[in-house]
Amino acid sequence: MQVPVSLAEVFAKGGEGGMDLAEKVCAVIDEGKADFAPLYDEKLSIKEKLNTIAKEIYRADSVDFAPAALKKLQSFEDAGYKNLPVCIAKTQNSISHDPTLI
């Protein structure tokens with residue numbers, strides 16, 4: 001299977017740095033051959049979405065949520081954000097609060 005690639009330089013060049021990538025993504029969409037399936041049901045709680053991502057993408061056994069984090073997640077759901085997708089930003093070194101863990 002051939003997959004188009006593109007160097008995205010959005011951070012350095014702004015929108016212009018992402019044009020090639022955007023054009024390639026649009027071309028795949030226009031072909032109608034994309035085989036995309038969401039990783040989780042949008043109706044899951046945010047906590048369940050995070051657990052699914054941790055297990056399926058990062059091969060974690062589970063996620064330990066601090067009480068303050070659970071309270072914050074509940075506030076997001078109460079504010080109406082439950083059915084939105086979850087985006088995770090992490091360092092290249094660790095997905096933990098401890099940067100020495102791999």
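This is a predicted model: local features need pLDDT of at least 70, side-chain atom pairs count only at pLDDT 80 or more; totals for chains, interfaces and linings use all residues.
Leaving aside residues up to four places away in sequence, P4 touches K24 and V28. Between P4 and A54, which are 50 residues apart in sequence, the C-alpha to C-alpha separation is 27 Å.

Helix α2 covers residues 19-31 and includes V25, a residue that counts as partly exposed at 42% relative accessibility. The C-alpha atom of V25 is separated by 15 Å from that of V10, and these two residues are 15 residues apart along the chain.

## Packing of α3 against α4

Helix α3 (residues 46-56) and helix α4 (residues 67-78) have axes that come within 9 Å and cross at roughly 120°. On the α3 side the contact is made by I46, K47 and L50, and on the α4 side by L70, L73, F76 and E77. Sorted by class, the residues of this contact comprise 5 nonpolar and 2 charged, with no polar residues.

The buried residues of α3 are I46, K49, L50, N51, T52, I53 and A54, and the buried residues of this helix pack against α4. T52, which has its place in helix α3, counts as buried because its relative accessibility is 19%, a value to be set against the cut-off of under 20% for burial. When residues up to four places away in sequence are not counted, T52 touches L39, Y40, L44 and I57.

## Span of α4 and backbone angles around it

Does the span of α4 agree or disagree with its number of residues? With 12 residues at 1.5 Å a residue, α4 should span 16 Å, and its end C-alpha atoms are 16 Å apart, so the two values agree. Just after α4, G80 adopts a positive phi of about 100°.

A positive phi also occurs at R59, where the angle is about 60° although the residue is not a glycine. Most residues other than glycine have a negative phi. R59 is located in the loop between α3 and α4, and R59 counts as exposed because its relative accessibility is 61%, where the cut-off for exposure is over 50%.

How many disulfides does a search of the whole structure find? The search finds 0 disulfides. A disulfide is a covalent bond between the sulfur atoms of two cysteines. For C26, the closest cysteine sulfur is in C87, and the sulfur atoms are 19 Å apart, which is too far for a bond; the cut-off for counting a pair as a disulfide is a sulfur separation within 2.5 Å.

As for solvent accessibility, C26 is partly exposed, with a relative accessible area of 42%, whereas C87 counts as exposed at 75% relative accessibility.

Technical notes. Residues are numbered from 1 along each chain as its sequence is written. Side-chain values use heavy atoms; hydrogens and water are left out. Axes are lines fitted to C-alpha atoms, for helices over the stretch in contact, and angles run from 0 to 180 degrees between N-to-C directions. Helices (H or I, at least four residues) and strands (E, at least two) are DSSP runs, numbered from the N terminus. Contact means heavy atoms within 4.5 Å. Ala, Val, Leu, Ile, Met, Phe, Trp, Tyr, Cys and Pro count as nonpolar, Asp, Glu, Lys and Arg as charged, and the others, Gly among them, as polar. Buried means under 20% relative accessible area, exposed over 50%, partly exposed in between (1.4 Å probe, protein chains only). The expected span of a helix is 1.5 Å times one less than its number of residues.
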